[in-house]
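Subject: Structure for your files

Hello,

Here is the structure you were waiting for. My notes on it follow below.

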Amino acid sequence: MSKTETVELAPGLSRNQGNITGQGIWSKYQGPLFVLFASLCFSTTGTAQALAPEGATPQVIGGLRLLLGFIALFLWCLFTHKMPNLKNLPKRVTVISALGIVTYQMCYFAAAKATGVAVSAVVACGFIPVATGVVAFIFIKERPKVVWYAATIIAVTGLALLSLSPDMQAKPLGLLLACTASVGYAFYSVFAKKIVANNDPATVVMVLFAIGGTLAIPLFIIYPTDWIFTTRGMLVALHLGLVATALGYGTFMAGLKTTPASTCATINLSEAIMAACWGIFLLGEQLGALHWTGMAMIFGAVTLLTLKSK
């Protein structure tokens, strides 16, 4: 065999063809892998709060994610030359969507502190489709599909089991905060649809975080912030801003370009499971039989809703 001849890797497959095949596999799966990685980034927020120094409050944690997330996303949009044209953004819809993001951040972190990372993550993520169906019906007259009603009944039953847990780790206040976080996210997603129709999604998220971060500034005056300037506090803040927000949204947007929305919705189910795993295996949260049953029902409701919506 001469040096210029092609090496056969398998019958009918040359080295060049092998390289092309490898590139084809990566091209096929890179979108879903980006979305999966984004879910991993998002799943760490509650755990980051739990690992924050003493004195950290859900309000400041939520404000930090909004403010630092905005700064990181602003730099990302500046670097990629995707700065928003503010004239194209409908003011009323943009403000409502931003208020939804603020509500989600504040209530989710408060729920995680009140009832644990695992339970709050599954409840908050699980009730987003339920809350979105209600908000969409009320404000844009979008009627839910029949399967939505079945999924809602299953999810509410799961929530009831969590609230009836004998050890009361799933405190009613924490569950209420998690559900309120879902409502906030529903407002964000329903109204953001109108914005992203004529704007780049990354720039829209940046603007929403800018509004949210501005609204959160008074929280840094009301609540203690000295813990931020400790080594652990700085690491938590950087993680929330860079990893859990900028990197998460950046990779999610990259994956969204080549991945169908229905596939993204299915992959996003992993966020709740990953967050629950962080709480159980890293933070050592103890869950009883009713916890597991209730969480399984909520997750099952979201799975049913996602698969039947394809």
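Which residues do ring pairs link into a cluster? They are Y104, Y108, F109, Y185 and Y188. Please keep in mind that this is a predicted model. Over the whole structure, the search turned up nine aromatic pairs. As background, two numbers describe a pair of aromatic rings, namely the distance of the centres and the angle of the planes.

Next, the second largest pocket. Its space comes to about 190 Å³. The lining is made up of 14 residues, and those closest to the centre of the pocket are K82, A202, M253, A254 and K257. Helix 10 supplies the largest share, with six residues. Sorted by class, the lining of the second largest pocket holds nine nonpolar, two polar and three charged residues.

Helix 10 is also where T245 is found. Is T245 buried or exposed? T245 counts as buried, because its relative accessibility is 0% and the cut-off for buried is under 20%. What is T245 in contact with, leaving aside its neighbours within four places in sequence? The contacts of T245 are R65, G69, L73, F209, L240 and G250.

Regards

Terms used: Residues numbered from 1 in each chain as written. Predicted model: local features only at pLDDT ≥ 70, side-chain atom pairs only at ≥ 80, totals over all residues. Heavy atoms only, no water. Phe/Tyr/Trp six-rings, centres within 6.5 Å; stacked < 30°, edge-to-face > 60°. 1 Å grid on protein atoms, 1.4 Å probe; cavity = no way out; pocket = protein on both sides within 12 Å on 5 of 7 lines; lining within 4 Å. Points joined across faces, edges and corners; volume = space filled by probe spheres on them. Helix = DSSP H or I, 4+ residues; strand = E, 2+ residues; numbered from the N terminus. Nonpolar A, V, L, I, M, F, W, Y, C, P; charged D, E, K, R; others polar. Buried < 20%, exposed > 50% of the residue type's maximum accessible area, 1.4 Å probe, protein only. Contact = heavy atoms within 4.5 Å.
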